[in-house]
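Please look at the model below before reading on. The report that follows takes one chain at a time and then turns to where the two meet.

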Amino acid sequence: MITVAYVIFWILLLGATATYATPDSWLRVLASPEIRHATWLSLVSCTTAAGFALLLAVPVGYFMSRKSFCGKAWLDAALDIPIILPPLVVGLCLLIFFQTWAGKVIEKAIPFTYTVAGVVLAQFVVAASFAIRTMRGTFDHLSARPEDVALTLGCTRFQALWHVALPAARRGMVAAFCIAWARSLGEFGPILVFAGATRMKTEVLPTTVWLELSVGNLEAAVSVSLLMVLMAIVVLVIVRRTGEKV
Amino acid sequence: MIQLEHITWSADGRVILDDLMLTIASGTYAVLMGSTGCGKTTLLEVLCGLRRPQKGRVLIDGCDVTSLEPRERGIGYVPQDLALFPTLKVYDQIAFALKLRGLTAAARVRELADELVISHLLDRQTETLSGGEKQRVAIARALAASPKFLLLDEPLSALDEAMRGEAAAMLQRIQQQHQLTVLHVTHSQAEATQLADLQLRFERGRVEPVFRPF
């Protein structure tokens with residue numbers, strides 16, 4: 001009963017939002033060059049951030065799942081820091097880091113502050129934590145026994161990971177990528193603080209909603225929000241179909 | 001020949017292997033018995049290199065292999081849960097070790113499949129197999145690496161009474177055909193009596209010979 005009420009509540013929320021803008025205005029808004037650019041940048045930056053998050057999450061998740069060592073609980077908690085930090089604080093931390101000596105050296109090679117690379121980094125920092133958690137859960141559910149047997153059959157530790165653990169974890173990898181992607185799509189605070197909200201440059205869809213709301217263009221804000229809802233549903237369907245359980 | 005010299009292993013303050021000594025001569029079918037949770041699996045893992053002992057040495061044919069990786073020991077291992085690779089078909093399970101070594105797999109896989117009567121299963125995913133079929137696939141997979149030693153952790157425990165006798169006969173045939181030194185872990189005295197050249201009992205972290213028929 002409570003579940004049904006909760007689902008109905010969400011259907012009403014989305015229904016009300018969906019009926020706020022007419023299809024004509026929706027298409028008109030989505031055809032504007034600024035919003036098309038923001039959509040394109042969101043797709044590219046989310047995919048890039050999720051890809052990097054997965055590249056980090058697989059070895060870190062595997063290590064955290066398979067190894068026991070002193071201080072593991074502390075390291076585990078440290079990996080979750082981006083999840084519990086307020087988003088604006090994440091952005092502020094990034095901004096301050098790139099003012100330090102180390103940050104300035106990195107900036108000389110790849111400029112991050114107020115650039116598209118900064119958008120990707122801000123999305124990556126938070127998304128990676130979710131991807132790591134998902135991959136760790138995936139490897140926790142997979143027995144280490146087949147990898148042990150692979151070692152006796154001639155594998156190195158890396159070959160056992162590559163030939164045995166990773167194929168078995170492929171569904172978890174898809175889920176981790178999708179979760180990182182969806183999380184990146186909704187990221188707003190760190191991007192606003194670290195990469196800015198410059199139209200046709202660092203503007204992504206959540207920034208568009210905020211920019212349109214701030215000038216009172218509710219119709220555009222609603223249209224973009226609906227586009228994001230649609231994208232989130234597509235990702236959710238992919239996660240459900242591939243199955244989070246391995 | 002397998003020799004364990006003064007092997008010690010403890011975890012969480014509990015001594016599991018306590019200055020353990022063991023010698024198994026080449027070509028012997030040794031059966032190790034002991035109560036549940038006494039450390040038989042730990043012993044097998046120390047032997048095949050999955051655990052490094054805190055003290056002591058593992059010798060294979062007189063060479064100290066204590067610091068060698070599992071892949072360098074020439075020991076085949078069939079764990080109790082069989083640990084078949086979840087994404088591979090039966091053919092690829094058996095071909096796994098051969099492909100790793102860059103060898104042509106097809107002929108050897110067919111040969112092993114014929115020997116273990118699983119030729120008709122080569123295209124199957126392992127989750128569709130029965131317990132007995134899975135067990136034979138796991139043994140074929142281990143044999144494909146041409147080990148000199150084979151460690152079997154309760155290989156017959158998942159089989160029903162009717163299949164056990166047949167499976168035990170198969171293990172004996174394999175040992176003789178491949179000239180293997182086998183260490184077989186079980187709870188069953190009947191299994192030990194049927195198979196063992198050397199019966200061993202694991203108690204309080206140590207292994208003692210029970211019976212040596214000659």
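## Chain A and its helices

Chain A has 14 helices and zero strands, where helices (H or I, at least four residues) and strands (E, at least two) are DSSP runs, numbered from the N terminus. Read from the N terminus on, the elements of chain A therefore run α-α-α-α-α-α-α-α-α-α-α-α-α-α. Taken along the principal axes, the C-alpha atoms of chain A fill a box of roughly 65 × 55 × 30 Å.

This is a predicted model, in which local features need pLDDT of at least 70 and side-chain atom pairs count only at pLDDT 80 or more, while totals for chains, interfaces and linings use all residues. Residues are numbered from 1 along each chain as its sequence is written, chains are lettered from A and ligands numbered from 1 in the order in which they are written, and side-chain values use heavy atoms, with hydrogens and water left out.

## Helix 3 against helix 11

The axes of helix 3 (residues 33-66) of chain A and helix 11 (residues 170-186) of chain A come within 8 Å and cross at roughly 135°; axes here are lines fitted to C-alpha atoms, for helices over the stretch in contact, and angles run from 0 to 180 degrees between N-to-C directions. Helix 3 of chain A and helix 11 of chain A are therefore oblique to each other, since angles under 35 degrees count as roughly parallel, over 145 as roughly antiparallel, 65 to 115 as roughly perpendicular and the rest as oblique. The crossing of helix 3 of chain A with helix 11 of chain A is right-handed; that word applies if the near helix is turned clockwise from the far one by less than a right angle, and left-handed applies if it is turned anticlockwise.

Among the residues of helix 3 of chain A that meet helix 11 of chain A are Leu43(A), Cys46(A), Ala50(A) and Leu54(A), and their counterparts in helix 11 of chain A include Met173(A), Phe177(A) and Trp181(A), with contact meaning heavy atoms within 4.5 Å. The residues of this contact divide into 13 nonpolar, four polar and no charged, where Ala, Val, Leu, Ile, Met, Phe, Trp, Tyr, Cys and Pro count as nonpolar, Asp, Glu, Lys and Arg as charged, and the others, Gly among them, as polar.

## Helix 3 against helix 4

The axes of helix 3 of chain A and helix 4 (residues 72-79) of chain A come within 11 Å and cross at roughly 150°, which makes helix 3 of chain A roughly antiparallel to helix 4 of chain A. This crossing of helix 3 of chain A and helix 4 of chain A is left-handed. Val60(A), Phe63(A), Met64(A) and Ser65(A) in helix 3 of chain A meet Lys72(A), Leu75(A), Asp76(A) and Leu79(A) in helix 4 of chain A, and by class this contact has five nonpolar, one polar and two charged residues.

## The sheet of chain B

Chain B holds an open sheet of four strands in the order 2-1-4-5, with antiparallel pairing; two strands pair if DSSP finds at least two bridges between them. Its edge strands are strand 2 (14-24) and strand 5 of chain B, each of which pairs on one side only.

Strand 1 (residues 2-11) of chain B and strand 4 (residues 55-60) of chain B pair over five bridges, and the bridge partners in strand 4 of chain B are Val58(B) for Leu4(B) and Ile60(B) for Ile2(B). Strand 4 of chain B also pairs with strand 5 (residues 63-64) of chain B, in the antiparallel sense over two bridges, and there Leu59(B) stands opposite Asp64(B). The hairpin of strand 4 of chain B and strand 5 of chain B has two residues between the strands, and in it Asp61(B) takes a positive phi near 50°.

## Where the chains meet

How many residues of chain B are in contact with chain A? The contact joins 22 residues of chain B to 18 residues of chain A. The two chains bury about 1,700 Å² between them, 71% of it on carbon and sulfur atoms, buried area being the accessible area (1.4 Å probe) that two parts lose on being put together, summed over both. In chain B, Arg71(B), Thr87(B) and Leu100(B) lose the most area to chain A, together 30% of what that side buries.
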